[in-house]
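Dear colleague,

Please find below the structure that I am handing over for your work.

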Amino acid sequence: MSEVNESWREGIDTGIRYNSSYSAVGGGIGVATAAAAGNDAENWKFHAVEFAKGFAEMSVEFGKGVRDVLKQSVIREDSVLVRKVGAPCYKLCRRLSFLNEYLPEDRDPVHAWSVIFSVLFIAFAVLIVSSDDISPNPLVKKVYIHPPNASRILLPDGRHLAYHQQGVPAEQARFSVIAPHSFLSSRLAGIPGIRTSLLQEYGVRLVTYDLPGFGESDPHPFRDLESSAMDMLHLSYAINVTDKFWVVAFSGGSMHAWAALKYIPDRIAGAVMVAPMVNPYEPKMTKEEKNKMWKRWTTKKKITLARKFPRLLPYFYRKSFLCGVHGQIETWLSLSLGIRDKALVEHPLFEEFWQRDLEESVRQVNAKPFVEEAVLQVSNWGFSPADLKVQRKRPGKGILHWIKSLYGQTEDILSGFLGQIHVWQGMEDMVVPPSTSDFLQRVLPDAMVHRLLYEGHFTYFYFCDECHRQIFSTVFGNPQGPLAPEPEADQFPIKKYDGDLQDTIMSDVATDEENASTLVNSDKEGFID
């Protein structure tokens, strides 16, 4: 018993002496915890290293297995791949075999070249990633929705249509022009960059409007090209366009101009179209014309998507121009532009105009109008541009028409659009293929097609004073200015007659009465005789 007590005292003394510099209660526990933590860290490192070794060994074995499978199934002498590719690869390897002289003698060339190409691939990947990180990120500008400020009319179906006017007033307009806008645009586009002085010089009143669902115009529940033409007709009446008016359209907005020529030809004086788009599935096109068009059409993927999978378009639109931030026009519209077009769209003036026009176009943040516009472009229009060709109507059948033809009483009745059609097409346009002008020249021989050798898609229509003047002089002739305003009825001067003039008038009246009485008396005397 005494031995046990002594050993117990020794243990206590030893513990106190060992922890003399620390707390007598917690010193031993802290040392044990630190040791356990160190062991856990070493165990974690050991497991991680072993896992990496095991993963590397498994990857090597897996690669060897894939190699064996390829040798047994694909890289056989009787396989299709070896028979088609084997001979060219063998010739190429023979020509490049001199490079094996630069390899170490104790290395297998196949193994050495595989390592070299792998290292090159990794190096290029690192360079590409590092270059992307070094390049500064451009500032993202958000889309700002401006307060509504457009003039609007009420259509017969209860919808509102927003419009914008430029040029001379209605009563002084020598020429009235209505311009439907293109895809991802608004009433603010019109003729981009046109000078007010040029409109005044030619006496032009330019009216642009928002298509249904764009800008401040209400959407149309059952929209088609005929309803688009009717909207243009109602707009012309509402804004006091009493005579025929001209239609100016650019790119995708041309299909609304075609519709106006088809459905309201009696109200149209003529059409001006710059880089006009036609239905790429137009049945009147020949096979050669279709091949030329699709070969140079850079937006063929978007057109195919709108034709076959229109329900996917809202997803892509919300990821691009409906995402709430600004971007490049060629990115949002999936365009491939030429050199001159790229230089134009990168100009600050164009960028400022484009951003403001886009903000107005997407004001309602609704993808449906854009989907409708894209689907209308590739759907059945209900007519063809070839239907606008001026031609004589065939004489009616029956005996009555035959008898009239014998006596020459039949009249030549012309069908189609009888006004002028002007088409301007850039030969370096990579958005609308230049072959479109060839198709239009064939089906509309009376149309005047102006081919522009060094112009692209935007360069002739956007911010080009000389181009705008050429278009106006070609269509309207020499500038004559606006019409002189007609004086109102109460503006005519009232002359005050003096007394002499009044006496003269009264004497003339008296003379007339005397002559009349003389005639009556002579008639009576003759009757009595």
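**Core and backbone**

Leu 184 counts as buried, because its relative accessibility is 1% and buried means under 20%. Please note that the model is a predicted one. Leu 184 sits in the loop between strand S3 (175-180) and helix H5 (196-202), and its phi is positive, about 55°, although it is not a glycine. The residue also belongs to the largest nonpolar core, which has 103 residues; Leu 184, Trp 258, Phe 321 and Phe 472 are those with the most contacts inside it.

For Phe 472, the contacts can be listed. With neighbours within four places in sequence left aside, Phe 472 is in contact with Ile 191, Ile 194, Leu 198, Leu 199, Tyr 202, Val 204 and Gly 477.

A positive phi is also found at Ala 275, where the angle is near 50° in a residue other than glycine. Ala 275 is placed in the loop between strand S6 (268-274) and H8, and at 3% relative accessibility it counts as buried.

Ser 254 is part of helix H7 (residues 254-263). Its relative accessible area is 0%, so Ser 254 is buried. Not counting residues up to four places away in sequence, Ser 254 touches Ala 249, Met 273, Pro 276 and Met 277.

**Hairpin**

Strands S1 (residues 151-154) and S2 (residues 160-167) pair in the antiparallel sense, over 4 bridges. Within this pairing, Ile 153 has Leu 161 in S2 as its bridge partner. The two strands, S1 and S2, form a hairpin with 5 residues between them, and Gly 158 in the turn has a positive phi of about 95°.

**Salt bridges**

The structure holds 18 salt bridges. Three of them are described here.

Arg 152 forms a salt bridge with Asp 218, with the closest N and O atoms 3.8 Å apart. This pair links distant parts of the chain, 66 residues apart: Arg 152 is in strand S1, while Asp 218 is in the loop between strand S4 (204-209) and helix H6 (225-238). Both ends are partly exposed, Arg 152 at 40% relative accessibility and Asp 218 with a relative accessible area of 24%.

Arg 442 forms a salt bridge with Glu 289, and here the closest N and O atoms are 2.8 Å apart. Arg 442 is partly exposed, with a relative accessible area of 41%, whereas Glu 289 counts as buried at 14% relative accessibility.

Arg 363 forms a salt bridge with Glu 360, the closest N and O atoms lying 3.0 Å apart. Arg 363 and Glu 360 are both buried. Through salt bridges that share partners, Arg 187, Asp 210, Glu 216, Arg 356, Glu 360 and Arg 363 are joined into one network.

**Surface**

Which residues form a nonpolar patch on the surface? They are Ile 116, Phe 117, Leu 120, Phe 124 and Leu 127, and together they have about 510 Å² of accessible area. Leu 127 is found in helix H4 (residues 109-134). This residue, Leu 127, is exposed, because its relative accessible area is 53% and exposed means over 50%.

With kind regards

Key
Residues are numbered from 1 along each chain as its sequence is written. This is a predicted model: local features need pLDDT of at least 70, side-chain atom pairs count only at pLDDT 80 or more; totals for chains, interfaces and linings use all residues. Side-chain values use heavy atoms; hydrogens and water are left out. Patches are made of residues with over 30% relative accessible area and no salt bridge: like charges are joined within 9 Å, nonpolar side chains (Val, Leu, Ile, Met, Phe, Trp, Tyr) within 5 Å. Accessible areas come from the Shrake-Rupley method with a 1.4 Å probe; for residues, only the protein chains shown count as cover. A salt bridge is a side-chain nitrogen of Lys or Arg within 4 Å of a carboxyl oxygen of Asp or Glu. Buried means under 20% relative accessible area, exposed over 50%, partly exposed in between (1.4 Å probe, protein chains only). A nonpolar core is a set of buried Ala, Val, Leu, Ile, Met, Phe, Trp, Tyr and Cys residues joined through side-chain atoms within 4.5 Å. Contact means heavy atoms within 4.5 Å. Two strands pair if DSSP finds at least two bridges between them.
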